[in-house]
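Please walk through this fold step by step, with the sequence and the coordinates side by side.

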Amino acid sequence: MLLKIENLTVKVQDKLIVKDASLNVSRGEIVVLMGPNGSGKTTLAYAIMGHPRYQVVKGRILFKGEDITALPPHERAKKGIFLVFQNPPEIYGVKVKYLLDFISVNRDYSDLAEKLGFSAESLHRDLNVGFSGGERKRLEVLQMLLTKPAVAILDEPDSGVDIDSVKIIADAIRELVKEDTGILLITHYTKLARYLSPSRVYVMFKGRIVTEGSIDLMNKIDRCGYQCIDLGKCSLERCFNE
Ligand SMILES: Nc1ncnc2c1ncn2[C@@H]1O[C@H](COP(=O)(O)OP(=O)(O)O)[C@@H](O)[C@H]1O
Ligand SMILES: [Mg+2]
């Protein structure tokens, strides 16, 4: 098992956000984590990455069998865990090119950058400053491709992004999977997830992973919504729960 989250409970500023969450990602596997806004998906992603404000009060995070729960974020990154941020921050004074040169260690990435929609000129801009939603996400994905992580967590790479960018992002994910990277895709839309044919879908609701299943679960979510998945309450006439 590449990444194993065992009964993780996460606190943010004295508030329990994620409760007893367990999930697994294997090599070359795409796993999807879905859930409505505010259900704790980003909190779980930050906890996996080791964000200091997100305190693990119970459970553990195993990477290739090693307990990494207490490691600082940069150590996790060095081991091969990569997070594509939901909201990539603007960083003034850091040129895109500087960061990409640093990540790629002198490999030529101009073709790849171009494929992801970045001209040579755009690489001289400050990181994410004035970038559109789609550009920010594509830039995160470019960094991910250059890093070649063992496991990549993508936090809503499809939100605020046009359809062409979604396709570019999906292709990039497929490329990584071919090289055996394990993918944890966080999203609340089913479009990108369907396009990638994940092997497993987890649903988070109010901080808990309430169910786990196959692609079929996404059909249910599209038909009935998350409320129904968790509580079995649905106003649709032909609900799957009936
Ligand atoms: N730093 C924080 N301080 C206080 N509350 C937070 C913080 N981060 C997240 N939360 C709260 O935790 C809940 C889950 O948030 P989040 O993990 O961002 O959910 P999701 O990614 O599923 O939309 C929300 O109610 C949010 O307001
Ligand atoms: Mg989120």
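Six strands form an open sheet with mixed pairing, in the order 6-9-10-3-11-12. Strands here are DSSP runs of E with at least two residues, helices are runs of H or I with at least four residues, and both are numbered from the N terminus. Two strands pair if DSSP finds at least two bridges between them.

This is a predicted model: local features need pLDDT of at least 70, side-chain atom pairs count only at pLDDT 80 or more, and totals for chains, interfaces and linings use all residues. Residues are numbered from 1 along each chain as its sequence is written, while chains are lettered from A and ligands numbered from 1 in the order in which they are written.

Angles between axes come from lines fitted to C-alpha atoms, for helices over the stretch in contact, and run from 0 to 180 degrees between N-to-C directions. Inside this sheet, strand 9 (residues 151-155) and strand 10 (residues 182-186) pair in the parallel sense over five bridges.

Start with strand 1 (residues 3-12). Seven bridges join strand 1 to strand 2, and the two run antiparallel. Leu3 has Val25 of strand 2 as its bridge partner, and Ile5 has Leu23. Two residues separate strand 1 from strand 2 in a hairpin, where Gln13 in the turn has a positive phi of about 45 degrees.

Strand 1 also pairs with strand 4, in the antiparallel sense, over eight bridges. There Lys4 has Leu62 as its bridge partner, and Ile5 stands opposite Ile61. In a regular strand the side chains alternate between the two faces of the sheet. Strand 4 goes on to pair with strand 5 over two bridges, again in the antiparallel sense. Phe63 stands opposite Glu66 of strand 5. Strand 4 and strand 5 form a hairpin with two residues between them, and Lys64 in the turn has a positive phi of about 50 degrees.

Now the helix pairs. Two packed helices are described by the angle between their axes and the distance between the axes. Helix 3 (residues 96-104) and helix 5 pack at an angle of about 20 degrees, with their axes 9 Å apart. Helix 3 is therefore roughly parallel to helix 5; angles under 35 degrees count as roughly parallel, over 145 as roughly antiparallel, 65 to 115 as roughly perpendicular and the rest as oblique. The contact uses Val96, Leu100, Ile103 and Ser104 of helix 3 and Leu139, Gln143, Leu146 and Thr147 of helix 5. By class, these are five nonpolar, three polar and no charged. Ala, Val, Leu, Ile, Met, Phe, Trp, Tyr, Cys and Pro count as nonpolar, Asp, Glu, Lys and Arg as charged, and the others, Gly among them, as polar.

Helix 5 (residues 133-147) has another partner in helix 6 (residues 163-178): their axes come within 10 Å and cross at roughly 10 degrees. These two helices are therefore roughly parallel to each other. Helix 5 contributes Gly134, Lys137, Arg138, Val141 and Leu145, and helix 6 contributes Ser165, Ile168, Ile169, Ala172, Glu175 and Leu176. This contact divides into six nonpolar, two polar and three charged residues.

Last comes the ligand. Of the 13 residues around ligand 1, Gly38, Ser39, Lys41, Thr42 and Thr43 come nearest; a residue is near a molecule or strand if its C-beta atom, placed from the backbone, lies within 6 Å of it. Strand 2 (15-25) and helix 1 (41-49) each supply at least two residues of this shell. Helix 1 gives the most, with three residues. The shell divides into two nonpolar, eight polar and three charged residues.

Definitions and conventions
Two residues are in contact if their C-beta atoms, placed from the backbone, lie within 7 Å.
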